[in-house]
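Biologist: I'd like to explore this model step by step with you. Please show me the sequence and the structure, and then I'll start asking.

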Amino acid sequence: MLPFAVAFRNTPRGVLVDAVMLQESDVSILFSFTRSYFHVDLERVGEAVLFLHSIMPVKPVSELFTVLGRAKQGKTERFREIFRHLGATKDHFVRAPGERGLVMACFMLENFDVVFKVIRDQFPAVKNVRREEVMAKYDLVFRHDRAGRLVDAQEFRDIRLPRKRFAPDMLAELTGECALNVRVDGDDVIVNHAYVERRMTPLNLYLRTATPEQAELAIMEYGQAIRDLAYTNIFAGDLLLKNFGVTRHNRVIFYDYDELCRVTDCRFRDLPAATSDEDEMRAESWFYVADNDVFPETFLQFLGFEGRLREVFLEKHGEILEAGWWRSLQERLHSGDVVEVLPYHPHRVRVASSA
Ligand SMILES: Nc1ncnc2c1ncn2[C@@H]1O[C@H](COP(=O)(O)OP(=O)(O)OP(=O)(O)O)[C@@H](O)[C@H]1O
Ligand SMILES: [Mg+2]
């Protein structure tokens with residue numbers, strides 16, 4: 001059995017077959033947790049899910065319901081999957097690998113593919129956001145075109161998890177730093193509010209063990225993710241590698257939403273040239289910087305790419321470091337020019353070139 005998915009395109013010349021997908025991995029990307037829901041009008045969703053599951057046996061049923069626009073059923077199924085895993089194993093809730101979030105406390109169930117993200121009670125001063133604003137950003141992502149680059153975050157309220165399955169340090173962090181959201185009730189831990197997301201390999205960790213070839217591909221994907229988001233009017237905000245994850249199809253996805261905003265709401269600026277040596281030496285900027293000012297020329301300083309990876313990034317995605325590129329994209333977005341981000345790029349190129 002082979003999957004067989006056909007993408008049709010409506011054009012002035014009529015309907016074209018834009019791509020044919022025959023591989024499980026290609027179809028899987030189509031029904032990905034990084035894309036907006038399909039909202040298909042189906043008489044019996046359950047049967048469609050069973051059929052899709054037969055094509056993509058690795059994809060959890062919960063995600064299939066979700067991507068078909070049945071968000072509530074998707075949550076119910078996810079909850080069941082979590083409890084089935086708890087019942088079938090002795091696994092614990094432990095801290096998610098990678099850098100600790102300043103805004104979010106992240107934990108996961110061992111050997112299970114999701115992370116739970118709980119908003120901390122307080123954020124350090126560098127994070128100039130309030131909890132409601134953080135939630136508003138997640139909400140924006142929920143409604144916005146996710147373009148295959150933003151992880152789906154399911155919002156759960158009042159979930160009850162078995163206390164004895166928590167690693168002690170994780171429980172201490174949650175009850176200590178997220179007390180507004182987490183409390184212990186007898187044998188249970190009650191989480192008032194959490195986002196549940198598919199777990200990926202944080203890009204900073206991925207690069208540590210990747211072969212040079214894998215690392216290069218990941219960096220190209222990273223740049224493409226920033227572009228795909230930009231085309232759909234999203235500026236990720238915090239571009240550090242720790243905020244991106246690598247999927248099992250080696251796609252790079254963004255998951256840290258607290259600084260995300262619309263491209264058209266930012267002011268992309270060139271760095272003003274220093275007028276004196278003194279200015280140049282100052283630790284802080286000598287010119288006024290507003291909250292929504294972005295200086296693309298400075299991105300590279302934060303990323304810490306060296307050698308070959310730096311070259312690859314500059315070669316493929318150097319434009320991302322130019323304020324002018326962002327400003328002209330803003331113009332296109334303002335004029336209503338829709339830049340399509342399709343879930344089957346390589347196929348399109350192949351079909352187009354052989355036509
Ligand atoms: N979907 C995910 N898959 C795997 N790991 C994740 C995921 N989401 C978060 N993490 C891990 O948790 C860390 C913190 O998550 P996130 O970046 O969302 O929180 P934050 O508090 O907004 O971070 P920051 O301090 O950068 O603003 C990440 O750096 C990563 O290591
Ligand atoms: Mg982060």
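Biologist: Is Asp-228 buried or exposed?
Modeller: Buried means under 20% relative accessible area, exposed means over 50%, and partly exposed lies in between (1.4 Å probe, protein chains only). Asp-228 has a relative accessibility of 3%. That is under 20%, so Asp-228 counts as buried.

Biologist: Good start! What kind of model is this?
Modeller: Residues are numbered from 1 along each chain as its sequence is written, while chains are lettered from A and ligands numbered from 1 in the order in which they are written. Side-chain values use heavy atoms, leaving out hydrogens and water; local features need pLDDT of at least 70, side-chain atom pairs count only at pLDDT 80 or more, totals for chains, interfaces and linings use all residues, and the model itself is predicted.

Biologist: Which residue forms a salt bridge with Asp-228?
Modeller: Side chains of opposite charge can pair when their charged atoms come close. A salt bridge here is a side-chain nitrogen of Lys or Arg within 4 Å of a carboxyl oxygen of Asp or Glu. For Asp-228, the closest N and O atoms of the pair are 3.0 Å apart, and the partner is Arg-149.

Biologist: How many residues apart are Arg-149 and Asp-228?
Modeller: Helices (H or I, at least four residues) and strands (E, at least two) are DSSP runs, numbered from the N terminus. Arg-149 sits in the loop between α5 (131-143) and β6 (154-162), and Asp-228 in helix α8, so this bridge links distant parts of the chain. Arg-149 is buried too, because its relative accessible area is 2%.

Biologist: Which helix holds Arg-308, the partner of Glu-216?
Modeller: The side chains of Glu-216 and Arg-308 meet in a salt bridge at 3.1 Å, N to O. Glu-216 is partly exposed at 22% relative accessibility, and Arg-308 is partly exposed at 40%. The two are 92 residues apart, with Glu-216 in helix α8 and Arg-308 in helix α11 (residues 307-317).

Biologist: What separates Glu-311 and Arg-308 in helix α11?
Modeller: These two also form a salt bridge, with the closest N and O atoms 3.0 Å apart. Glu-311 is partly exposed, with a relative accessible area of 46%. Because Glu-311 and Arg-308 are three residues apart in helix α11, the separation is about one helical turn.

Biologist: How many salt bridges does the structure hold?
Modeller: Some of the charged residues are linked in a network of salt bridges: Arg-95, Arg-100, Arg-120, Asp-169, Glu-173 and Glu-177. For the structure, the count of salt bridges is 32.

Biologist: What share of the area of ligand 1 does the protein bury?
Modeller: One oxygen atom of ligand 1 is 2.8 Å from a polar backbone atom of Met-104. An oxygen atom of ligand 1 is also 2.8 Å from an N or O atom in the side chain of Lys-117, and a nitrogen atom is 3.0 Å from a polar backbone atom of Arg-198. Areas come from the Shrake-Rupley method with a 1.4 Å probe, where for residues only the protein chains shown count as cover. Taken alone, ligand 1 exposes 610 Å², and the share buried by the protein is 98%.

Biologist: Which side chain makes a 3.5 Å polar contact with Asn-243?
Modeller: A polar contact is a pair of N or O atoms within 3.5 Å; within protein, one must be able to donate a hydrogen and the other to accept it, and residues adjacent in sequence count only if both atoms are side-chain atoms. Asn-243 lies in the loop between β10 (234-235) and β11 (244-246), and is buried at 5% relative accessibility. A contact of 3.1 Å joins its side chain to that of Asp-238. The 3.5 Å contact is with the side chain of Asp-256.

Biologist: How far apart in space are Ala-230 and Val-339, C-alpha to C-alpha?
Modeller: Ala-230 is in helix α8 (residues 212-231) and is buried, with a relative accessible area of 0%. Ala-230 and Val-339 are 109 residues apart in sequence, while their C-alpha distance in space is 9.5 Å.
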